[in-house]
Amino acid sequence: MSKAPFHSTHHPTASSASWTVSALIEALNKPVNIAPLAFFRIFFGLMMCGSAIRFLAKGWVKQLYVDTPYHFKYWGFEWVSTLGNTGTHLLFVGIAITALMVALGWWYRISISAFFLLFSYAELMDATNYLNHYYFISVVAFLLIWLPAHRKYSLDVLRHPSLTLHTAPAWILGSLKLQIGLVYFFAGLAKVNADWLLEAEPLHHWLRSKYDFPILGQLFRYEASAYFFSWAGCLYDLSIPFLLLWRKTRPLAFMAVVFFHIITWALFPIGVFPFIMIGSTLLFFPSSVHERILKQLQNLFAFVKTTGQASQLHTANTSGKKVWKRALVPTLFTIHFIVQIVLPLRHHLYDSNLYWTEEGYRFSWRVMLTDKSGLAFYTVKDHDGKSTLVDLNDYLTERQQKFLGTNPDFMVQFAHFLKDTYQGKGYSQPEIYIESYLNLNGKGSRAFSNKHVNMANESWGLAPKAWILPFNDKAS
């Protein structure tokens, strides 16, 4: 008698779970119009082409990559070297050309793969140039390599009409929406901290210099404004992906996206990132919106006229193929998004103040969360007792020195560079010592590094850095 209730409750639960999984798989494979993907390809390619041309035109390639004698590296990518004046400029020309090819859908698989490699290489040449939106561009470019974004409204379709595709499984568009949603969500999650919510920092500090801002500038004089924008920014990031998904709230959510990014662009020098995010959120709109825009482009530029029978990716692309080939992209994307979820949470592996040590900080969508300034003084001591205070101006630009004063990885890297440099000058077993001070979110200058540790013997990378002093409440 005791078994009857067990069996009667067990089977419905198992059946319900099985039905839920089946429903999820069915929803992910439901054919949807591919027009939003084609629109995104054109938008993304044109934005990247324009950005590369802007970098070249403003002389930033020379300023950031050529005129800097020393370049800071990412852990694991120390092998990425600069290409000299001509080579670096050609690299950015290649980025512009491949981005334009992506927009046109011309030799798409080759052009998007080349763009991903060229753009990522450029960003890996010097870690001081890291920005969240550069990382976002590399991530999106990687996803686009595997997506059929060229199979509608493209020159590839003009050359080979049989490539024309009107529908694709929902997960293909969903993967881009998920990536955008993760950026917003983790950016919001990162704002759930005492400095941002309870002290309105660093916004409170930043808005003090914006009193001359049109219309809103007078409001920035009030302390309550910093709290309002801090809390509003947190709630915006956490909720906007879900509001964009729901048809009834989507129009208002998009208006909020436009307002938020235009205001941040006007207030802070963050480049093209706001416009990239505005254009990306159009993916959440119905395909009819994208069809109208693309047809206008087609009529205006005679973009592409196709003949032949269009295929459906969810059936045509799987027939006659081996199982492993059909599962390759979904498996790759599953791994990708596991990594995208784990990376922003890896700071929990460190027993330290994240914003002080920056251990686990990068690649986690922590956008404009801190205001940091620091100074680092390097002393080289010879085995024979000789001591020299290093003039950083001999090796680093003013911009690089600012990053050096706040980033522990850079501090160790530069110590190793100085060790090799002074060995070349005849120093016997040089020891490198750093005395550094850091100001985080206007809390006052504090000693950052243990000045008695020989940094020439310290490693840099993923391991916790014992030479970083703990964040103390009392400023020096």
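Over residues 314-320, pLDDT stays under 50. The model has nine contacts for this stretch beyond four places in sequence. The average pLDDT of the chain is 88. At least 70 is reached by 89% of the residues. Helix α15 (residues 313-316) has the lowest confidence, with a mean of 45. Helix α5 has the highest, at 97. Residues 1-9 also have a pLDDT below 50. Beyond near neighbours in sequence, residues 1-9 have one contact in the model. Where pLDDT is low, the predicted coordinates should not be read in detail.

Helix α5 was examined next. This helix covers residues 108-124, a run of 17 residues. At 1.5 Å a residue, α5 should span 24 Å. Several residues of α5 are buried, among them Tyr108, Ser111, Ile112, Phe115 and Phe119. Ser120, Ala122, Glu123 and Leu124 are buried as well. An α-helix has 3.6 residues a turn, so residues three or four places apart point the same way. The buried residues of α5 pack against α2 (35-57), α3 (60-66) and α4 (84-104). They also pack against α6 (132-145) and α7 (155-159).

The largest pocket holds about 1,700 Å³ of space. Its lining is made of 49 residues. Nearest its centre lie Thr128, Tyr130, Leu131, Arg399 and Phe403. The elements α2, α3, α4, α5, α6 and α18 each give two or more residues to this lining. The most comes from α2, with five residues. By class, the lining of the largest pocket has 29 nonpolar, eleven polar and nine charged residues.

Phe403 is one of the residues nearest the centre of the largest pocket. Phenylalanine 403 sits in helix α18 (residues 398-404). Its relative accessible area is 30%, so phenylalanine 403 is partly exposed. Leaving aside residues up to four places away in sequence, phenylalanine 403 touches Thr128 and Phe410. Thr128 is also among the residues nearest the centre of the largest pocket. Phenylalanine 403 and asparagine 129 are 274 residues apart along the chain. Their C-alpha atoms are separated by 9.8 Å.

The second largest pocket holds about 1,000 Å³ of space. It is lined by 38 residues. Closest to its centre are Tyr74, Phe77, Leu124, Tyr135 and Phe363. Leu124 is one of the buried residues of α5. At least two lining residues each come from α5, α6, α16 (323-342) and α19 (408-424). Helix α6 supplies the largest share, five residues. The lining of the second largest pocket has 21 nonpolar, nine polar and eight charged residues.

The structure holds one cavity of 30 Å³ or more. About 40 Å³ of space lies in the largest cavity. Its lining consists of Asn193, Asp195, Tyr355, Leu369, Thr370 and Asn441. By class, two of these residues are nonpolar, three are polar and one is charged.

Conventions:
Residues are numbered from 1 along each chain as its sequence is written. This is a predicted model: local features need pLDDT of at least 70, side-chain atom pairs count only at pLDDT 80 or more; totals for chains, interfaces and linings use all residues. Side-chain values use heavy atoms; hydrogens and water are left out. Helices (H or I, at least four residues) and strands (E, at least two) are DSSP runs, numbered from the N terminus. The expected span of a helix is 1.5 Å times one less than its number of residues. Buried means under 20% relative accessible area, exposed over 50%, partly exposed in between (1.4 Å probe, protein chains only). Contact means heavy atoms within 4.5 Å. On a 1 Å grid over the protein atoms alone, a cavity is a set of points where a 1.4 Å probe fits but cannot get out, and a pocket is an open set with protein on both sides within 12 Å along at least five of seven lines; lining residues have an atom within 4 Å of a point. Grid points are joined across faces, edges and corners, and a volume is the space filled by probe spheres set on the points. Ala, Val, Leu, Ile, Met, Phe, Trp, Tyr, Cys and Pro count as nonpolar, Asp, Glu, Lys and Arg as charged, and the others, Gly among them, as polar. pLDDT is the predictor's confidence in each residue, from 0 to 100.
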